[in-house]
Amino acid sequence: MDIRQAIFQRLHACSSSELKEIIESGIASKEETVLPGLGVLFETYYNSLSSKDELLDRLSHLLK
């Protein structure tokens, strides 16, 4: 099982509040081991967007 499958298996039945808690606690922990999981979530979200322009503009602005 690869990391994407493991992340999806762990999170497939999470409610939005559970998912929020997982994301926020992962960010707050500042542990690099959380980054791959957050990356998988970001990849899934990014791939689901019909227009990626707004997200890319926001990210570009945040990184300045």
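Q: Helices here are DSSP runs of H or I that hold at least four residues, and they are numbered from the N terminus; in which helix do F42 and Y46 both lie?
A: The model is predicted, and every value below is computed from it. F42 and Y46 are 4 residues apart, which is about one turn of the helix. The helix in which both of these residues lie is α3.

Q: How are the rings of F42 and Y46 arranged: stacked, edge-to-face or tilted?
A: Two such rings form a pair if their centres lie within 6.5 Å, and planes under 30 degrees apart count as stacked. The centres of the F42 and Y46 rings are 6.0 Å apart and their planes stand at 25°, so the arrangement of this pair is stacked.  By this rule, the count of aromatic pairs comes to 1, and the F42 and Y46 pair is stacked.

Q: Which residue has its charged end over the ring of Y46?
A: Y46 has a relative accessible area of 23% and is therefore partly exposed. The charged end that sits over the ring of Y46, 5.1 Å from the ring centre, belongs to K52.

Q: At what angle do the axes of helix α1 and helix α3 cross?
A: Helix α1 covers residues 3-11 and helix α3 covers residues 35-48, and their axes come within 10 Å of each other. Angles of 65 to 115 degrees count as roughly perpendicular, and that is the class of α1 relative to α3. The crossing angle itself is roughly 85°.

Q: How many residues of the contact of α1 with α3 are nonpolar?
A: On the α1 side, I3, R4, I7, F8 and L11 take part, and they meet P36, G37, V40, L41, E43 and T44 in α3. Of the residues in this contact, 2 are polar and 2 are charged, while the number that are nonpolar is 7.

Q: Is I23 buried, partly exposed or exposed?
A: I23 is found in helix α2, which runs over residues 16-29, and when residues up to four places away in sequence are not counted, I23 touches L38 and L41. Buried would need a relative accessible area under 20%, and exposed would need one over 50%. Because its relative accessibility is 27%, I23 counts as partly exposed.

Q: What value is phi of K30 near?
A: K30 is found in the loop between α2 and α3, and with a relative accessible area of 74% this residue is exposed. Most residues other than glycine have a negative phi. In K30, which is a residue other than glycine, phi is positive, with a value near 60°.

Conventions
Residues numbered from 1 in each chain as written. Predicted model: local features only at pLDDT ≥ 70, side-chain atom pairs only at ≥ 80, totals over all residues. Heavy atoms only, no water. Axes fitted to C-alpha atoms, helices over the stretch in contact; angles between N-to-C directions. Helix = DSSP H or I, 4+ residues; strand = E, 2+ residues; numbered from the N terminus. Parallel < 35°, antiparallel > 145°, perpendicular 65-115°, else oblique. Contact = heavy atoms within 4.5 Å. Nonpolar A, V, L, I, M, F, W, Y, C, P; charged D, E, K, R; others polar. Buried < 20%, exposed > 50% of the residue type's maximum accessible area, 1.4 Å probe, protein only. Phe/Tyr/Trp six-rings, centres within 6.5 Å; stacked < 30°, edge-to-face > 60°. Lys NZ or Arg CZ within 6 Å of the ring centre and 35° of its normal.
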